Amino acid sequence: MKKIIFIALAIFTMVSCSKDDDSNASDSETPELSIQEKLVGTWDLRGRIVDGEDVGLEYCELFTNIHFDSDGSINVELFAGDEPDDCQSASTTGTWEYLGNNQLKLDLVGADGPVTNEIEFSEDDKKLTFTDNSDDIEEDSYIEIYIKQ
């Protein structure tokens, strides 16, 4: 009788342990987000690199942000100025479209037409880097770095 109880207890322990192990494995594995899912939200400008050199930001530029909506719309708030009490601002709206191969097309109201930038996310998806290597800019490379709110 003791053997039967011991075997039953051992089987129960093994079954309950394997169920816990399975549930813990599925809890720790999160599915990879799509580029579109990663983009949705508000991103704050935190850096600028021109031709490989960190050129920094003016005080007021730290308030610049981009908001990507899941419906493909975008809101941009731009700020400029060196002094806290003298920030100039402008805002615009438009649309965004992920083209694949890390290419993001932005079509903003008031712009000369759509622009395509290369984008890259940090490993934790909280940092977004835009790289513009187009002929529309004077620099060889122009990079802006955003942090997700």
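Strand 7 and strand 8 form a hairpin with 5 residues between them, and Asp-125 in the turn has a positive phi of about 65°. Helices (H or I, at least four residues) and strands (E, at least two) are DSSP runs, numbered from the N terminus. This is a predicted model, in which local features need pLDDT of at least 70 and side-chain atom pairs count only at pLDDT 80 or more, while totals for chains, interfaces and linings use all residues. Residues are numbered from 1 along each chain as its sequence is written, and side-chain values use heavy atoms, with hydrogens and water left out.

- Two strands are said to pair if DSSP finds at least two bridges between them.
- Leu-128 stands opposite Tyr-146 in strand 9.
- Strand 8 (residues 127-132) is mostly covered, as 5 of its 6 residues are buried. Buried means under 20% relative accessible area, exposed means over 50%, and partly exposed lies in between (1.4 Å probe, protein chains only).
- In a regular strand the side chains alternate between the two faces of the sheet.

**Salt bridges**

- The structure holds 6 salt bridges. A salt bridge is a side-chain nitrogen of Lys or Arg within 4 Å of a carboxyl oxygen of Asp or Glu.
- Arg-48 forms one of them with Glu-144, and their closest N and O atoms are 3.4 Å apart. This pair links distant parts of the chain, since Arg-48 lies in strand 1 (residues 41-50) and Glu-144 in strand 9, 96 residues apart. Both Arg-48 and Glu-144 are buried.
- Asp-44 and Arg-46 also meet through their side chains in a salt bridge (3.9 Å, N to O). Asp-44 counts as buried at 13% relative accessibility, whereas Arg-46 is partly exposed, with a relative accessible area of 42%.
- A further salt bridge brings together the side chains of Lys-105 and Glu-97 (3.5 Å, N to O). Lys-105 is partly exposed, with a relative accessible area of 29%, and Glu-97 counts as partly exposed at 40% relative accessibility.
- Asp-125 is the residue with a positive phi in the turn of the hairpin.
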